[in-house]
Amino acid sequence: MAPLDGLRVLDLTMWRPGPYATLLLAQLGADVIKIEPPGGEPMRMFRDHFDVLNRHKRSIVLDLKSADGLAELRRLAADAEVFVEGFRPGVADRLGVGHAALRALNPRLVYCSISGYGAEGPLRDVPGHDINYRAYAAALPPDAVSPEADDLPLADMAAATMAAFAITAAVLKARATGTGDRVDLGMADVLAHWTGTVPAATRSSGAGPVPGYGVYPTKDGRKITLGVVSEERLWAATCRALGIEEHAGVPFAERLGRIAELDGAVTAAVAKLTLDEAVERLTEAGAPVAPLLSHAEMLALDHFAHRKVQDEGPVRTTVHPPVKGGTAPEADEHRGQGWRLTE
């Protein structure tokens, strides 16, 4: 039995943030029913994205603008513990599935709304996507350029992960008290909170914050990353591996005053090595190194394969392991089942 076995979740979300949040719940055992509009979720046109984000879920197609569709949704909500929607603020209320209406029907319900800027506030009605939320939250550098199509959608994934956490916390409280809650989660809020925990950005120096912390090109046109901060042993290991032993004994306080010089020495040393040579030498020396991998290289990496990250999700538990494998449902594949699979 997975940790969230028996948790009944209604998922009215589309695209990425909501579906990833409910995927995290499903991989931990929650019974997720995906409610799709007539014709199915538009993201089904991109099956490589859709299938990954909607594994372990069941699908029912409902027209919420019809009396029958709304009645079926309300019937399912009456027996659910969690309801997740990703509409623009106010849309759920107009459809008759807002948090007040459904929690009046089911007081124990945890109702989660995921939107760009949240359900309240001056920006609530402003449309946007990942890049807009990052810009408002100061999560883009001043010299930011337009993202590539395969860039990680940081706001989407951060908000989804936070939603899964908040939902689980609210469910614990609801089960203890008999009273549910409304989770109002703005994607920009999550990034703004993250940004607020780190120092304000200053002008770019071209080097990392300390020597040996940053991205370094290799001789074969690839890149590695080094993660030395204040640790004397990691700095010494890095210097020995790169053949710049003369700098190995420089203490942290002194390194902070010689960033350009020392990081320049690291950069020059790495540039003489291929990626494989650099990673091998630095790893053997005990330095904090990682190659900058492509998407395909990440998927083929033995470490993530060993930990079954793609198959079972990012959470590892021992006593109640996550759900394995799983496929995405076809549109309306589970009509008529309701919650029968868990009854």
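Is helix α9 (residues 232-242) mostly covered or mostly open, and how many of its eleven residues are buried?

I looked this up in a predicted model, in which local features need pLDDT of at least 70, side-chain atom pairs count only at pLDDT 80 or more, and totals for chains, interfaces and linings use all residues. Residues are numbered from 1 along each chain as its sequence is written, and side-chain values use heavy atoms, with hydrogens and water left out.

Entry on α9. I found the helix mostly covered, with eight of its eleven residues buried (under 20% relative accessible area, with a 1.4 Å probe and protein chains only). I noted the buried ones as Leu234, Trp235, Ala236, Ala237, Thr238, Cys239, Ala241 and Leu242. They pack against the strand β8 (223-227) and against the helices α10 (252-256), α11 (259-270) and α12 (275-285), where contact means heavy atoms within 4.5 Å. Just after α9, I recorded a positive phi of about 75 degrees at Gly243.

Entry on the whole protein. I listed 15 helices and nine strands, taken as DSSP runs (H or I of at least four residues for helices, E of at least two for strands) and numbered from the N terminus. The C-alpha trace spans about 75 × 45 × 40 Å along its principal axes, and 43% of the 343 residues count as buried. Among contacts between residues at least 6 apart in sequence, I noted that 72% join residues at least 24 apart. The protein exposes about 18100 Å², of which carbon and sulfur atoms supply 57%, by the Shrake-Rupley method with a 1.4 Å probe.

Definitions and conventions. Buried < 20%, exposed > 50% of the residue type's maximum accessible area, 1.4 Å probe, protein only.
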